[in-house]
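Morning, everyone. Please have the sequence and the structure open while I talk.

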Amino acid sequence: MKNLVYIALGTALTAVSCNKQISSTTETEAKDNQTFADLDKARIKHLSLDIETDFDTHQIKGSAAYTFENNQAKQLILDTEKLTIDSVLLANGQKTTYRLGEKDSIKGQALIIDVTPNDTIVKVFYKTSPDANALQWLNPQQTHDKKHPFLLSQGQAILTRSWIPIQDTPSVRLTYDAKVKTPKDLLPLMSAINPKEKNFEGVYTFKMPQPIAPYLIALAVGDVQYQPIDNRTGVYAEPGLLKAAAWEFADMGKMVTAAEKLYGKYPWEQFDVLVLPPSFPFGGMENPRLTFATPTAIVGDRSMTNLIAHELAHSWSGNLVTNSTWDDFWVNEGFTVYFERRIMEELEGKDYADMISVIGFQDLETSMKNIPEKYTSLKVNMKGANPDDAFSDVPYDKGYLFLKMLEDKYGREKFDKFLNQYFSSHAFQTMTTEKFVDYLKANLTNGDDSFVQEWIYNTGWPKDLKKPTSKLFDLTEAQLQQDITNGRNKVAPKKVAISTKSTNEWVHFIRQIDTTKNTKEDLAYLDAIYDFTNSKNPEIECAWFEKAFLMHYDKVNTNAKEFLVNVGRRKFLEPLYLALKESNQLDLAKNIYKDARPNYHFVARQTIDTMLNYKP
C-alpha cells in the first residue's frame with residue numbers, strides 16, 4: 001500500500017473539506033499562548049514530510065506540505081525555532097511571499113505565509129539548525145553498541161517547531177505522512193506505521209492515519225532491530241540490547257489487554273517500544289504507535305515496567321484525549337498516572353501498585369518543596385513562560401491523588417464507568433480543565449464541585465489529602481533500622497544480594513536514610529552489606545548517590561560521575577546535581593557537568609544550566 005499521500009502540489013492531501021468555516025469546537029475554547037498561529041483563521045489538518053537526515057552536518061533538509069482549513073485567511077502562520085526557510089509554494093506550484101516574525105526567547109519565530117482565502121495547500125522547503133532544540137545527534141560512542149550514530153527527536157512541549165515548521169500547539173490535531181531518506185545502514189522510525197527492517201535504498205515511507213497533536217510527531221534513526229512480543233506489540237533496540245529489552249518488556253501484550261479491559265479498545269492498532277540510547281532525557285515519551293523509552297528501565301527483574309504501563313496509558317489520556325494547552329498538562333499526566341497504576345495493579349497486584357504510589361508521593365513531596373509555589377496547583381498559567389518551567393511531579397502525582405480521591409469518594413465501579421465514557425466521548429479531541437470539570441459535574445458528582453477549588457486551582461497541599469501507604473515498605477523501613485542498629489553495635493556486616501528485594505523496595509529503603517540523624521559510618525556499613533555504590537541498577541544508583549552526596553560519602557564519587565556522564569534522564573540528573581549544590585559541592589557539580597553536558601539532550605541541559613548557573 002502506498003503510504004506517501006502527497007504526490008504533487010496540485011494533489012489534495014486528504015479527504016478533509018478544507019474550505020469550510022471552522023466550527024466552534026473544544027479545539028477553539030482555549031487560547032494557547034505558546035503558539036503564534038491564528039487557529040480561528042487557518043488550522044492545519046494534514047502534514048506531508050519529504051526529508052533527508054544528514055549526519056555530517058547534523059541537519060534535516062527537505063519539505064513540509066500542509067493541508068489546512070481556511071476561514072477567509074490571508075495568512076497561514078506557523079511556529080519555527082532556528083529553522084532556515086528556503087522557499088514556500090502554493091498548490092499551483094507558484095512561489096508565495098513569506099516572512100519570519102520577531103524572535104521570541106521562548107516561542108521562536110512566526111513563519112507568516114501569504115495565502116488567499118481559497119488556498120488550502122502550502123509547501124515549505126527548509127532545513128534545521130545543527131543545534132535544533134528537539135534533535136539530538138549522537139556519535140557512536142554515545143550509543144549502546146558504539147558502532148553507528150543515532151538521531152532522536154523530542155517534541156514535547158514546544159520543540160517540534162525546531163525541526164518542522166508547524167502550528168506547535170496541542171490545540172491542533174493532524175494526520176501526517178512522510179518520506180525519509182537516511183544512511184543505508186540505519187533504520188528510521190516515526191510515530192506512525194513503521195518498517196520492521198532496513199531496505200537497500202535507505203528511503204522509507206510512513207503514515208499516521210489518526211489525528212495527533214504536533215508534539216507527538218517523532219523521528220528516530222539508528223542501527224536498531226525489531227523483536228515482536230505478540231501480534232500487536234514489540235520492541236526496537238540496538239542489536240546488543242534487543243534481547244535484554246525484549247525480556248524486560250515481555251508483558252507488554254498483557255498490559256494492552258489489561259488496559260483495554262479497563263477503559264476500552266486500544267485506539268492505535270500497534271504498540272511498539274523503541275529503547276533509545278541513555279542520553280534520552282525522559283523515562284519515556286508516548287509517541288503513538290512507537291513509545292520512546294530509556295534503557296534505564298532495563299534493570300533485569302522487570303520491576304520498573306510501570307514506565308511502559310505509563311506510556312501505554314497515554315494512548316488514552318494524552319494521545320486520544322489531549323490537554324488543550326500546557327496550562328492543562330495535568331489532564332494528560334494525572335489521568336495517565338492513575339491509569340498506569342490500575343494497569344499494574346491488574347498485572348502485579350495491589351502491593352506493587354501501592355509501592356509505586358508511595359514512590360510517586362515521595363517524588364511529589366520533593367517537587368512541592370523545590371518548585372515555585374505558583375506551579376504547585378494542577379491548573380497553571382504559562383503565559384509568558386516556557387512550559388518546561390512548570391515541569392515537575394505535580395501534574396503527575398497530585399493529579400493522580402485527585403483522581404484517586406474521586407475513586408474513593410464515588411466508588412471504583414462508578415468511577416471506571418465514568419472514565420470509560422470520558423475517553424470514548426472525547427476521543428481525538430482536546431480537553432481544558434474547565435471542560436473536564438463541567439463533564440465531571442454532569443456525569444459523576446451530580447453537580448458537586450466543592451472540591452474543585454481546593455484540588456485543582458489552589459496551590460500547596462489539599463486539606464483532605466489521603467497519603468498512600470505500602471505494607472512492603474513498612475518491612476523495608478524495619479530492615480533499615482535493624483541494619484543501622486547492627487552497625488552501631490559493631491555487628492560484622494554480612495553481604496546480601498540486591499536481588500532479594502525489588503527495585504522499588506530498595507529505592508524506598510535508601511530514601512529512608514535520614515541525612516540529619518544517620519552518619520557516613522552508617523552509609524559505609526550499609527554499603528558493606530548491599531554494595532550499593534557498585535550497583536548497576538539506575539534507580540538504586542540515583543537514590544544511593546543522592547544520599548551519599550548530601551552526606552559527603554565520597555566513596556561514591558567516581559561511580560557517580562560515570563553515572564552522570566553516561567545517563568541523560570532528567571529524573572536522575574536533577575536530584576543528583578541538586579544534592580551536590582545543597583551540600584556545598586558546587587565546584588564538583590560543575591566539574592562533572594562540564595564533562596557530562598555534551599551527552600545530554602537540550603531539555604536536560606536547559607534544566608541543569610539553570611540549576612547550577614552554568615555558562616557553557
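**A walk through the fold**

A157 sits in the loop between β9 (150-153) and β10 (174-181). I start there for its backbone. The peptide bond from Q156 to A157 is cis, with omega near 5°. Most peptide bonds are trans, and most residues other than glycine have a negative phi. Keep both points in mind. Keep in mind, too, that this is a predicted model.

Now the whole chain. How many helices and strands are there in the protein chain? There are 17 helices and 20 strands. The radius of gyration is 25 Å, close to the 25 Å that the globule rule gives for 616 residues, so the protein chain is as compact as a globular protein of that length. Along its principal axes, the C-alpha trace spans about 85 × 60 × 45 Å. Of the 616 residues, 61% count as buried. Contacts reach across the sequence as well. Take those between residues at least 6 apart: 73% of them join residues at least 24 apart.

Next, the interior. In soluble globular proteins, nonpolar side chains tend to be buried together. Here the largest nonpolar core has 196 residues. Which residues have the most contacts inside that core? They are W163, M190, F402 and Y577. Look at F402. Leaving out residues up to four places away in sequence, F402 touches W330, L378, F436, L440, F451, W455 and I456.

Stay in that part of the sequence for E407. E407 is in helix α6 (residues 394-410). Is E407 buried or exposed? Its relative accessibility is 7%, so E407 counts as buried; the cut-off is under 20%. Setting aside residues up to four places away in sequence, E407 touches Y338, R342, R412 and F415. For scale, E407 and G318 are 89 residues apart in sequence, and their C-alpha atoms are 20 Å apart in space.

Which residues of α10 are buried? They are F473, T476, L480, D483, I484 and G487. An α-helix has 3.6 residues a turn, so residues three or four places apart point the same way. On the other side of α10, K471 and L475 are exposed. What covers the buried residues of α10? The cover includes α5 (350-370), α11 (503-511) and α12 (520-530).

Both ends of α10 deserve a look. At the N-terminal end, S470 is the cap: a side-chain oxygen lies 3.3 Å from the backbone nitrogen of L472. Just after α10, K490 takes a positive phi of about 65°.

Now turn to α11. This helix is mostly covered, with eight of its nine residues buried. The buried residues are T503, N504, E505, W506, V507, H508, F509 and I510. Among the elements covering them are α5, α10, α12 and α13.

For another helix with a buried face, go to α1 (residues 239-248). Its buried residues are L241, L242, A245, A246 and E248. Seen down the axis of α1, they fall within an arc of 150°, so they line one face of the helix. G240 and K243 are exposed, on the face turned away from the buried side. The cover over the buried residues of α1 includes β14 (225-230), β15 (233-237) and β16 (271-275).

H552 is in the loop between α13 (538-550) and α14 (557-566). Phi of H552 is positive, near 55°, in a residue other than glycine. H552 has 34% relative accessibility, so H552 counts as partly exposed. At 53% relative accessibility, N613 counts as exposed.

Notes. Residues are numbered from 1 along each chain as its sequence is written. This is a predicted model: local features need pLDDT of at least 70, side-chain atom pairs count only at pLDDT 80 or more; totals for chains, interfaces and linings use all residues. Side-chain values use heavy atoms; hydrogens and water are left out. Buried means under 20% relative accessible area, exposed over 50%, partly exposed in between (1.4 Å probe, protein chains only). Helices (H or I, at least four residues) and strands (E, at least two) are DSSP runs, numbered from the N terminus. Contact means heavy atoms within 4.5 Å. A polar contact is a pair of N or O atoms within 3.5 Å; within protein, one must be able to donate a hydrogen and the other to accept it, and residues adjacent in sequence count only if both atoms are side-chain atoms. A nonpolar core is a set of buried Ala, Val, Leu, Ile, Met, Phe, Trp, Tyr and Cys residues joined through side-chain atoms within 4.5 Å. The radius of gyration is taken over C-alpha atoms; the globule rule is 2.2 Å times the number of residues to the power 0.38. The arc is that of the directions from the helix axis to the C-beta atoms.
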